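Dear colleague,

I am sending you a structure for your records, together with a short account of what was found in it. Please find the sequence and the coordinates directly below.

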Amino acid sequence: MRGPGLTKVPWRVLARVAEGLLCFRRVGFLVVFVTSRCNLRCSFRFLSPGSPLGRKELTLAEFRQVAAKLGPLLQLSLTGGEPFLREDLPELAGILLART
C-alpha cells in the first residue's frame, strides 16, 4: 500500500534518493561555503573579522573541478558570509546542479 505522497513522486527521483542513501562512496549532502564576505546586515555573524577561513574564494573553474568529481546529491546548500554578494552565484549554482 502506498502513502498519499508517494504516488506523485517520479520513479527516477526515488531511485536517485535511494542511490544517494545506499552508496556510501558518494557524497549525498553537500554544504558549500561560497564566500566569507559579509555586508553586516544580519543580527549575527558566522565569521569574525580575521577568521582563519580566510578571504580566498574558489573560482568558477575550481568549482567545475569539484563538481566533476561529485555524483548525484540529495541536498545542496550554498552558504557563507552572504552568498548573494557573489555576482556569479547563479552560474556557480548551475555548475553544481548540472552534475546532480
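Predicted model: local features only at pLDDT ≥ 70, side-chain atom pairs only at ≥ 80, totals over all residues.

Overall architecture

The chain contains three helices and two strands, and these follow one another along the sequence in the pattern α-β-α-β-α. Of the 100 residues in the chain, 23% are buried. Among contacts with a separation of 6 or more, 76% are between residues 24 or more positions apart.

Thr-35

Thr-35 belongs to strand β1, which covers residues 29–35. Thr-35 counts as buried because its relative accessibility is 2%, and the cut-off for a buried residue is under 20%. Two polar contacts of its side chain may be of interest to you:

- The side chain of Thr-35 reaches the backbone nitrogen of Arg-37 at 3.0 Å.
- The side chain of Thr-35 also makes a polar contact with the side chain of Glu-57, at 2.3 Å.

Leaving aside residues up to four places away in sequence, Thr-35 touches Glu-57, Thr-79, Gly-80, Gly-81, Glu-82, Pro-83 and Arg-86.

Helix α3

Helix α3 spans residues 89–98, and its buried residues are Leu-89, Leu-92, Ala-93, Ile-95 and Leu-96. Viewed down the axis of α3, these buried residues fall within an arc of 155 degrees, so they line one face of the helix. The face turned away from this buried side carries the exposed residues Pro-90 and Ala-98. As for their partners, the buried residues of α3 pack against β1, against α2 (60–68) and against β2 (75–80).

Helix α2

In α2, the buried residues are Leu-60, Phe-63 and Ala-67. They cover an arc of only 55 degrees around the axis, and therefore lie on the same side of α2. These buried residues of α2 pack against β1 and α3. Strand β1, the element that holds Thr-35, is accordingly a packing partner for the buried residues of α3 and for those of α2.

With kind regards

Note on methods: Residues numbered from 1 in each chain as written. Heavy atoms only, no water. Helix = DSSP H or I, 4+ residues; strand = E, 2+ residues; numbered from the N terminus. Buried < 20%, exposed > 50% of the residue type's maximum accessible area, 1.4 Å probe, protein only. Contact = heavy atoms within 4.5 Å. Polar contact = N/O pair within 3.5 Å; in protein donor to acceptor, adjacent residues only side chain to side chain. Arc of directions from axis to C-beta.
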